[in-house]
Amino acid sequence: MIDTHTHLYLSEFNVDGDSSGAAVDRAVAAGVDMMVMPNVDLTTIGPLKEIARLRPDCVRMAMGLHPTEVDHNWSVAVDRIEAELTGPDGDKYVAIGEIGIDLYWDSTYRDSQIMAFERQASLGASLGLPLIIHCREGLDETLGVIERLPSPPPAIVMHCFGGSTSDVAEIRRRATNVPEIFFGIGGIVTFKKSTLPDVLPEIGLDHIVLETDSPYLAPVPHRGKRNESAYLPAIAAKIASTLYPDTNPQEAIAKVEAATAANTLRLFPRLKPE
């Protein structure tokens, strides 16, 4: 299995005698072979690079400025992001992310979020890197940026997707310039009142990738705890039981694991062995 979106480098994993490295070890023991870790802001670049340095066997990085971290000084932050992506370590990044639009908590910097997203998306297109897109209460703005790009990125993933079948259709209708569109499915799919299981057939297994978004949104039966990549099997199992209810559970899970791993290699070509 591949966790396409996890933040094990954050300070939440370095408390009470625990550590980011231990969280990585638990994930590997649970059957997670690779973890993609997107950046958040300028303060997280150092910890992100350190965990990638310590665990080059199973950790890969993405670089971007999270939309909730955008403020009046966003262009300075994006300058630093661009320097990372085009500098000596540029070939170590598998994607631009996480980037996007989030108007759920605060719309004060809506226009700045759009500009920051557009600049980073354009950079992804120019570098041939896929985009890891965070979108919350901003689908129209997000798709507007994608539509305006002079040239598209090779692929996008709608991270932590929790939308409806009509949202899936709208994304595909408006992002026709993007060759590959994937949907990151995380712990939300396991929640009791989630409608996401009904949306999975519309997405189709060939466009689903697995993610945890650790330390957030822990899946059932771990809900309420700090999330971590070791919980990825619970997400895979829920997808398997939803898409293949009449298949032997282990066979269904194996099918989901194989398909989502292959999808992830299409999404992030730099994950492929040299």
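Predicted model: local features only at pLDDT ≥ 70, side-chain atom pairs only at ≥ 80, totals over all residues.
In helix H7, which covers residues 196–203, the buried residues are Leu 196, Pro 197, Val 199, Leu 200 and Ile 203. Looking down the axis of H7, you would see these buried residues fall within an arc of 150°, so they line one face of the helix.

What do the buried residues of H7 pack against? Their partners are helix H6 (165–174), strand S7 (180–185), strand S8 (208–210) and helix H8 (232–243). On the face turned away from the buried side, H7 carries the exposed residues Asp 198 and Pro 201. Just after the helix comes Gly 204, with a positive phi of about 90°.

## His 7 in its loop

Now let's visit His 7. This residue sits in the loop between strand S1 (2–3) and helix H1 (20–29). Is His 7 buried or exposed? With a relative accessible area of 2%, His 7 is buried, because that value is under 20%.

Who are the neighbours of His 7? Leaving aside residues up to four places away in sequence, His 7 touches Phe 13, Pro 38, Val 40, Glu 98, Asp 213, Ser 214 and Pro 215.

## Salt bridges across the chain

How many salt bridges does a search of the whole structure find? The search finds 21. One of them joins the side chains of Arg 226 and Asp 18, with N and O 2.8 Å apart. Arg 226 belongs to the loop between S8 and H8, while Asp 18 belongs to the loop between S1 and H1, so this pair ties together parts that are 208 residues apart in sequence. Arg 226 is partly exposed, at 27% relative accessibility.

Another salt bridge links Glu 82 with Arg 119, and the closest N and O atoms are 3.0 Å apart. This pair also connects distant parts of the chain: Glu 82 is in helix H3 (residues 74–86) and Arg 119 is in helix H4 (residues 110–127), 37 residues apart. Glu 82 is partly exposed at 30% relative accessibility, and Arg 119 is partly exposed too, at 27%.

## A pair and a network

The side chains of Arg 55 and Asp 57 also meet in a salt bridge, at 3.1 Å from N to O. Here the two partners fall into separate classes of accessibility. Arg 55 has a relative accessible area of 18%, so Arg 55 counts as buried, whereas Asp 57, at 47%, is partly exposed.

Salt bridges can also be joined up into a network. Lys 49, Arg 80, Glu 84, Asp 89 and Lys 92 are linked in this way.

## Cysteines without a disulfide

How many disulfides does a search of the whole structure find? The count is zero. For comparison, a disulfide needs two cysteine sulfur atoms within 2.5 Å.

Cys 135 is partly exposed, at 27% relative accessibility, while Cys 58 is buried, at 2%.

Conventions: Residues numbered from 1 in each chain as written. Heavy atoms only, no water. Buried < 20%, exposed > 50% of the residue type's maximum accessible area, 1.4 Å probe, protein only. Helix = DSSP H or I, 4+ residues; strand = E, 2+ residues; numbered from the N terminus. Arc of directions from axis to C-beta. Contact = heavy atoms within 4.5 Å. Salt bridge = Lys/Arg side-chain N within 4 Å of Asp/Glu carboxyl O.
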